[in-house]
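Here is my note on the structure, as a set of numbered points. Please keep the model open while you read.

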Amino acid sequence: MNPSANGWIKKLLKELSKKDTVFNLTEDTFYESLRACGFIYGSNFEVVCHVILNKDLTEEELCKTNLCIALLYAHNNSNSEIPFIESAINFYTEINELKTSFFLGFLGEKKSNGQLEKIIHKRIQIDDNFITKNFKYFVVNALLYTDILAYQVYLKNQSISIDYIKNLEASIETIGLNALNSKETKNQYDESLIKLFESSIRYRSSKPITYQKAIKNIKTELEKLYMLDLACMATWTDKTIDKKEQRFLIQLGSDLNIERNIINLAINTVDEFFNAHKEHIALLSSNNMVQSFYNNSSKMVKKLITRNSKRLYQELKDSKELMVLLTQSTKRDLTIEEQKKVHEQLFDIFKSIPSLAIFMLPGGALLLPLVVKFIPKLLPSAFDENRIEE
């Protein structure tokens, strides 16, 4: 099976039909298998449950395979009478209707294995020219399990509410920030990473939701386990979990009503996994993750804006308020409400330009500060003049 060639899903489904014992696993056991292979952490090193033994698959190919198997597991353990391929495509269509334009262009095609292959390919990876390894590992692939959680809700209700997705993302961000802030001693690197997240929260009215609200949003056992594992991963980004971070993780697990032995297992598992693979994960092998993130992402953002400068200019001309705010952002810090307006209006523009669909991915808001930085420099001089006049 070659996940980089056409027809791989059909071949995968045939292989899995011979090894259907994986679909008889309990939800907890299957989740632990996804964690063990690296899918939960966003860094895949093997196929879940070893159902496919290809040793030469790339990380992206492993990630594609694991996402497809996880979706299929959710489908097979539901009461849905709709075939898997059709159901999965319907799910991503529903997400598209909830203002995620990343898959726009595929959804008008006939529902088939090939269409799902295209969706999964775009969901996992954008060409190296568009996305950096660090950004992909840390933001996009680490959040892929949100697809599985949302798909389970979709299978149960045959629809998916945007409120569910917003609440889940908001909880991830709040708990992630709390995990990052729990470090006993913070250096400039840690403060930079925290500010990066704080400036990139996409769904908020005036400020991040409270920790108590975040905990309240997390209801199912799988959501709780996933939230704990993401927090463990956040605390491990500096390659250690100090005592204060450990106390935070134990308290988080307790607040989520997770048994102490499971909390300890989550802490030990993330430590063992990243120690075993840290030399092969771009995020962890970097001496300064924030600096690496900005250096690599800046090139990608600059190229995207340059290639789309004419279209961006036209779109921005029709959004006078955004032009004013972008001008002011070069001279002063915007208020939280102004930042929210900039985020919302930029995302509306990005949805109309297919090449900028990367910013619609989960975590795409992390790149918005870079977008704001480059827009005044790369658009025609008339853009600046118009903004000053406004």
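1. Start with helix H2. The cover over the buried residues of H2 includes H3, helix H7 (145–157), H11 and helix H13 (260–277). Those buried residues are Phe30, Tyr31, Ser33, Leu34 and Arg35. Buried means under 20% relative accessible area, exposed means over 50%, and partly exposed is in between (1.4 Å probe, protein chains only). Helices (H or I, at least four residues) and strands (E, at least two) are DSSP runs, numbered from the N terminus.

2. A word on the source. This is a predicted model, where local features need pLDDT of at least 70, side-chain atom pairs count only at pLDDT 80 or more, and totals for chains, interfaces and linings use all residues. Residues are numbered from 1 along each chain as its sequence is written, and side-chain values use heavy atoms, with hydrogens and water left out.

3. Now the overall picture. The protein has 20 helices and zero strands. It has 390 residues, and 54% of them count as buried. Its accessible surface comes to about 17900 Å². Carbon and sulfur atoms hold 48% of that surface. Accessible areas come from the Shrake-Rupley method with a 1.4 Å probe; for residues, only the protein chains shown count as cover.

4. Next, contacts (heavy atoms within 4.5 Å).

5. A salt bridge is a side-chain nitrogen of Lys or Arg within 4 Å of a carboxyl oxygen of Asp or Glu. One of them joins Arg35 and Asp229, with the closest N and O atoms 3.2 Å apart. Arg35 lies in helix H2 and Asp229 in helix H11 (residues 221–235), so this pair ties together parts that are 194 residues apart in sequence. Arg35 counts as buried, at 7% relative accessibility. Asp229 is buried too, at 1%.

6. Is Glu221 buried or partly exposed? Glu221 is partly exposed, at 47% relative accessibility. Lys224 is buried, with a relative accessible area of 10%.

7. Look at helix H16 (residues 309–317) as well. Glu315 and Arg311 both lie there, four residues apart, about one turn of the helix. Their side chains meet in a salt bridge of 3.3 Å, N to O. Glu315 is partly exposed, with a relative accessible area of 22%. Arg311 is partly exposed as well, at 38%.

8. Asn66 lies in helix H3 (residues 59–76). Asn66 counts as buried, at 0% relative accessibility. Setting aside neighbours within four places in sequence, Asn66 is in contact with Cys37, Phe39, Asn44, Glu46, Val47 and Val48. Asn66 and Phe39 are 27 residues apart in sequence and 7.0 Å apart in space, C-alpha to C-alpha. Asn217 lies in helix H10 (residues 211–217). Asn217 is buried at 13% relative accessibility. Not counting residues up to four places away in sequence, Asn217 touches Asn167, Ser171, Ile209 and Glu223.

9. Check the backbone too. Just after H2, Gly38 takes a positive phi of about 100 degrees. Cys49 has a positive phi of about 60 degrees, although it is not a glycine. Cys49 sits in the loop between H2 and H3, and it is partly exposed, with a relative accessible area of 27%. Asn257 is not a glycine either, and its phi is positive, near 60 degrees. Asn257 is found in the loop between helix H12 (243–255) and H13. Asn257 is exposed, with a relative accessible area of 62%.

10. Finish at the surface. Which residues gather in a patch of positive charge there? They are Lys10, Lys11, Lys14, Lys18 and Lys19. Patches are made of residues with over 30% relative accessible area and no salt bridge; like charges are joined within 9 Å, and nonpolar side chains (Val, Leu, Ile, Met, Phe, Trp, Tyr) within 5 Å. Lys and Arg count as positive and Asp and Glu as negative, while His and the chain ends are not counted. The place of a charge is taken as NZ of Lys, CZ of Arg, CG of Asp or CD of Glu. Lys19 is found in the loop between helix H1 (8–17) and helix H2 (27–36). Lys19 is partly exposed, with a relative accessible area of 31%.
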